[in-house]
Amino acid sequence: MNIDRFCAFLLAFAFATIMTGCHPVKPVVKNDTQPPKINPPSPSATLKVTPETIDKGQPAELSWTTSNATTVAIDGLGTVAASGSKKITPASSTTYHLTAQGDGGSTEANARVTVNIPPTDTTSHLTDQQLFEQNIKDIFFSYDNFDIRPDETQIANANADFLARHPNIKFTIEGHCDERGSEVYNMGLGENRASTVRQTLIDHGVSPDRIKVISFGKEKPFCTTAEDESCWQQNRRAHFVFSN
């Protein structure tokens, strides 16, 4: 073997040895998967009114808190800070509405305040006589009787309560009867009816010097359209007349 061939053999042997001692290299695979997307948190909000019920003209406090919001607005107040409070004096019952918006969406909150409005006083401009005529009612009696009927007791008590609250009003109680019986008998019956009502008023605190009593018997009937119970029952009464 000459030198050239020997050298060639050595080179071939060395190459083969190197090749058998090496592991194949795995190809690098490129990963195209995107990282997970992180969603921004949704806004949260609270809204309340303290106190929840007020009288008209009184103040209340509207307070709110929000998180994860970039814009906060309240109907009637416009854009407000993310959290805060405000004095309010609504003229009537109102529901306040809050909207909070952020990168994660929007949310809403509501709070209601109830306003008590006092009833309108429709009697302050009335005269004593007008008040008397609006509140005082006649009291009716059974046939040939001067006791206040059970179903008329509530009316008698209501009359007494009104008159006790208005001590400046003076009045007359007229006793009336239906047409049956003699004139003399009905005059006495009418007086007894008026006197019974007078005593009921006195028992409820109405001063006796404010009350006059008169009997008309059957002389001044209220109903004259028929001669039966439908008319007679209307004529058996104690009638009140303003007399200041």
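**Entry 1: P51.** I started at P51, which sits in the loop between β1 (44-50) and β2 (53-55). Here helices (H or I, at least four residues) and strands (E, at least two) are DSSP runs, numbered from the N terminus. The model is predicted, so I noted its limits: local features need pLDDT of at least 70, side-chain atom pairs count only at pLDDT 80 or more, and totals for chains, interfaces and linings use all residues. Residues are numbered from 1 along each chain as its sequence is written, and side-chain values use heavy atoms, with hydrogens and water left out.

Next I checked the peptide bond between T50 and P51. That bond is cis, with omega about -10°. Most peptide bonds are trans.

**Entry 2: confidence.** I looked up pLDDT, the predictor's confidence in each residue, from 0 to 100. The protein chain has an average of 88. A score of at least 70 is reached by 84% of the residues. Where is confidence lowest, and where is it highest? The lowest mean, 58, belongs to helix α1 (residues 3-20). The highest, 97, belongs to strand β10 (residues 171-176).

**Entry 3: the whole chain.** I found five helices and 12 strands in the protein chain. The chain has 244 residues, and 28% of them are buried. Buried means under 20% relative accessible area, exposed means over 50%, and partly exposed lies in between (1.4 Å probe, protein chains only). I also looked at contacts, meaning heavy atoms within 4.5 Å. Among those between residues at least 6 apart in sequence, 64% join residues at least 24 apart.

**Entry 4: positive phi.** Most residues other than glycine have a negative phi. N68 is not a glycine, yet its phi is positive, about 60°. I found N68 in the loop between β3 (60-67) and β4 (71-74). Its relative accessibility is 41%, so N68 counts as partly exposed.

D144 also has a positive phi, near 55°, and is not a glycine. D144 belongs to the loop between β9 (139-140) and α3 (153-165). Its relative accessibility is 38%, so D144 is partly exposed too.

**Entry 5: D138.** I moved to D138, in the loop between α2 (128-135) and β9. Is D138 buried or exposed? D138 has a relative accessible area of 15%, so it is buried.

What does its side chain reach? I checked polar contacts: pairs of N or O atoms within 3.5 Å, where within protein one must be able to donate a hydrogen and the other to accept it, and residues adjacent in sequence count only if both atoms are side-chain atoms. The side chains of D138 and H239 make one at 2.8 Å. The D138 side chain also reaches the backbone nitrogen of F240, at 3.4 Å. I then listed what D138 touches, leaving out residues up to four places away in sequence. The list is E152, I155, R237, A238, H239 and F240.

**Entry 6: α2 and α3.** I compared the axes of these two helices. Axes are lines fitted to C-alpha atoms, for helices over the stretch in contact, and angles run from 0 to 180 degrees between N-to-C directions. The axes of α2 and α3 come within 10 Å and cross at roughly 165°. The two helices are therefore roughly antiparallel (an angle over 145 degrees). Which residues meet? L131, F132 and N135 in α2 meet N159, F162 and L163 in α3.

D161 is in helix α3 as well. D161 has a relative accessible area of 38%, so it is partly exposed. I looked at its distance to V206, which is 45 residues away in sequence. The two C-alpha atoms are 8.4 Å apart.

**Entry 7: two lysines.** K56 lies in the loop between β2 and β3. Its relative accessible area is 49%, so K56 is partly exposed. K56 and A91 are 35 residues apart in sequence, but 6.2 Å apart in space, C-alpha to C-alpha. Beyond four places in sequence, K56 contacts A91, V115, N116, I117 and P118.

K218 is in the loop between β11 (211-217) and α5 (229-235). K218 is partly exposed, at 29% relative accessible area. S182 is 36 residues from K218 along the chain, and their C-alpha atoms are separated by 8.8 Å. Beyond four places in sequence, the contacts of K218 include C177, D178, G181 and N186. I ended with E179, whose backbone oxygen lies 3.3 Å from a polar atom of the K218 side chain.

Note on methods: Angles under 35 degrees count as roughly parallel, over 145 as roughly antiparallel, 65 to 115 as roughly perpendicular and the rest as oblique.
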